[in-house]
Amino acid sequence: MKNNNGRSFLIGFFVGGLLLFSAVNFQKFGAFMNPKPAASTPAIADNVPRLIATEPAQTPAQSHPQDTATLPSTPEPVRPTQTFPSPTVTPLALANEQEPEVIGYSVNGLPLEVYTFGSGAHGRMIVAGIHGGDEWNTVTLANQLIAYVNQYPDVIPSDVTLYILRNLNPDGEARSHDKYGRLNSNGVDLNRNFPANWQADWERAGCWNYLPTSSGSSAGSEPETRALMEFLGGHRIDALISYHSAALGIFPGGEPWEEDSVRLAEAIAGVSPYRFPPLDTGCVYTGTLADYAVSTGISAVDLELTNHSDTDFGVNLTILDILLTFQP
Ligand SMILES: [Zn+2]
């Protein structure tokens, strides 16, 4: 363990300030969490499954008019320009009912935090932020989901435990909220560092090669990678979503794609605008988290949000239900 007392104090001081700020904005965010007028809103527990059950059935796969009704206020409180370097102020404040488990530290010593909900035998996991600041909206989405499940714990089935790793690459996110925030502080693309078809070299031209990019000195060389591998190995997890952005679609793990992971991808595509099969970029994907998860018996997909700023919260609430009720 690293000694982070000084850092912890500073972070504590900073977070304290943020909590104060958040309290001021709590009403606003509360309106986002409950967009309908209170008078017409049924009991919380009743409201949640209805949202999940009716939206996909009534909405064509290619267009989601209801999303525009539920999403516009979503990113406002968490725009990076307002809160950088911590764009997660409000959701974290709401999520503080539960302390996260720190499963390891980044190269720069930032904590890797997992939130756990429910206590059922079937573990489901969401991993966000593997590409750091380039895909910072995945971290925002994770924070929103954490806040949501904290507020509506009944969405977790009794036989399921949900784990949310809110940011696997906090160093990249802290560096910059653009393409230069993609790598960890060793210049490693964490989604090329897992021990599944790991390769030291690959064709980089046109494939996220904004900075000198490495897959690591060896498979699993990075502390972020190892922390997640250890966590996956120590828990009974059978399905996983690794969030990315943007726009390429849904990538099942496995080489070739593993059958159950394809089924998970198809189920997600059936309730969302995310495409499956995904866009063929011509890029080679080596050492990915989804491939590694599949190699350990976990059904897994890489899932790309629509763009680099929106969280598509309404859609991903429906996808959360898919993940929680998936039968591997
Ligand atoms: Zn990505």
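**Notebook: a loop proline, then the sheet**

I started at Pro 256, which sits in the loop between strand 6 and helix 9. For these labels I took DSSP runs numbered from the N terminus, with helices as H or I of at least four residues and strands as E of at least two. The peptide bond from Glu 255 to Pro 256 is cis, with omega near 0°.

A note on the source: this is a predicted model, where local features need pLDDT of at least 70, side-chain atom pairs count only at pLDDT 80 or more, and totals for chains, interfaces and linings use all residues. Residues are numbered from 1 along each chain as its sequence is written.

I found an open sheet of 7 strands in the order 1-2-4-3-5-7-6, with mixed pairing; two strands pair if DSSP finds at least two bridges between them. Strand 1 (101-105) and strand 6 (250-252) are the edge strands, each pairing on one side only. Strand 3 (residues 122-127) runs parallel to strand 5 (residues 237-245), and 5 bridges join this pair. Met 125 stands opposite Leu 240 in strand 5.

Then I checked two positive phi values. Asn 197 is not a glycine, yet its phi is about 55°. Asn 197 is partly exposed, because 16 other C-beta atoms lie within 10 Å. Asp 312, also not a glycine, has phi near 50°. Asp 312 counts as buried, because 22 other C-beta atoms lie within 10 Å. My cut-offs, with C-beta atoms placed from the backbone: buried means 20 or more other C-beta atoms within 10 Å of the residue's own, exposed means 12 or fewer, and partly exposed is in between.
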